[in-house]
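Subject: Handover of a structure and what was found in it

Dear colleague,

Please find the structure below, handed over for your study.

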Amino acid sequence: MYYKFSGFTQKLTGTWASDAYSPQVQGLRPVVSTEAPPIIFATPTKLSSDFTAYDYAGKNKVPELQKLFQKSDGVPIHLKRGLPDQMLYRTTMALTVGGTIYCLIALYMASQPKNK
């Protein structure tokens with residue numbers, strides 16, 4: 001089964017192979033202009049081909065981080081970077097416990113009948 005776009009219903013409709021492969025009949029036109037659109041910015045921008053790999057990159061920290069995370073010192077992986085990781089972990093745990101308590105209190109209050 002072949003399909004073509006119907007300009008009347010704005011949907012795909014079944015058709016013969018000869019109709020499906022003629023885009024001009026369907027109102028589709030080939031791209032006429034291949035030139036770049038005009039620049040709309042006041043200052044010219046850098047083209048992506050002008051960038052080198054190290055224009056934006058700082059020092060490569062991957063080897064140092066690999067050594068840090070692969071060191072076997074008994075510390076869980078999510079706490080290896082010290083105080084910031086500990087604070088994030090403890091805050092997450094506190095919010096989790098607090099949310100659980102809040103949900104249990106809300107369930108308890110919802111299960112009690114209202115006094116009229």
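I begin with the two strands. Strand β1 (residues 2-6) and strand β2 (residues 11-15) run antiparallel and are joined by 5 bridges; two strands are said to pair if DSSP finds at least two bridges between them. Within this pairing, Ser 6 has Lys 11 of β2 as its bridge partner, and Lys 4 stands opposite Thr 13 in β2. The hairpin of β1 and β2 has 4 residues between the strands. Gln 10 is placed in the loop between β1 and β2, and its phi is near 60°, a positive value in a residue other than glycine. Gln 10 is also exposed, because its relative accessible area is 51%; here buried means under 20% relative accessible area, exposed means over 50%, and partly exposed lies in between (1.4 Å probe, protein chains only).

The model is predicted, so local features need pLDDT of at least 70 and side-chain atom pairs count only at pLDDT 80 or more, whereas totals for chains, interfaces and linings use all residues. Residues are numbered from 1 along each chain as its sequence is written, and side-chain values use heavy atoms, with hydrogens and water left out.

As to the overall arrangement, the protein has 3 helices and 2 strands, in the order β-β-α-α-α along the sequence. Helices (H or I, at least four residues) and strands (E, at least two) are DSSP runs, numbered from the N terminus. Of the 116 residues, 7% count as buried. The protein exposes about 11300 Å², of which carbon and sulfur atoms supply 64%; accessible areas come from the Shrake-Rupley method with a 1.4 Å probe, and for residues only the protein chains shown count as cover. Among contacts (heavy atoms within 4.5 Å) between residues at least 6 apart in sequence, 0% join residues at least 24 apart.

Next comes the annotated span. An unreviewed UniProt entry annotates residues 87-110 as "transmembrane region"; UniProt positions are given in the numbering used here, feature names are shortened, and annotations may be inferred rather than shown by experiment. In the model, this span is 100% helix and 0% strand, and its end C-alpha atoms lie 34 Å apart. Val 97, Ile 101, Ile 105, Tyr 108 and Met 109 make a nonpolar surface patch of about 540 Å². Patches are made of residues with over 30% relative accessible area and no salt bridge: like charges are joined within 9 Å, and nonpolar side chains (Val, Leu, Ile, Met, Phe, Trp, Tyr) within 5 Å.

In one of them, the side chains of Lys 59 and Glu 64 meet at 2.8 Å, N to O. Lys 59 is exposed at 64% relative accessibility, while Glu 64 is partly exposed at 42%. Asp 73 and Lys 80 also meet in a salt bridge, at 2.9 Å, N to O. Here Asp 73 is partly exposed, with a relative accessible area of 41%, whereas Lys 80 is buried, with 12%.

Yours sincerely

Conventions:
A salt bridge is a side-chain nitrogen of Lys or Arg within 4 Å of a carboxyl oxygen of Asp or Glu.
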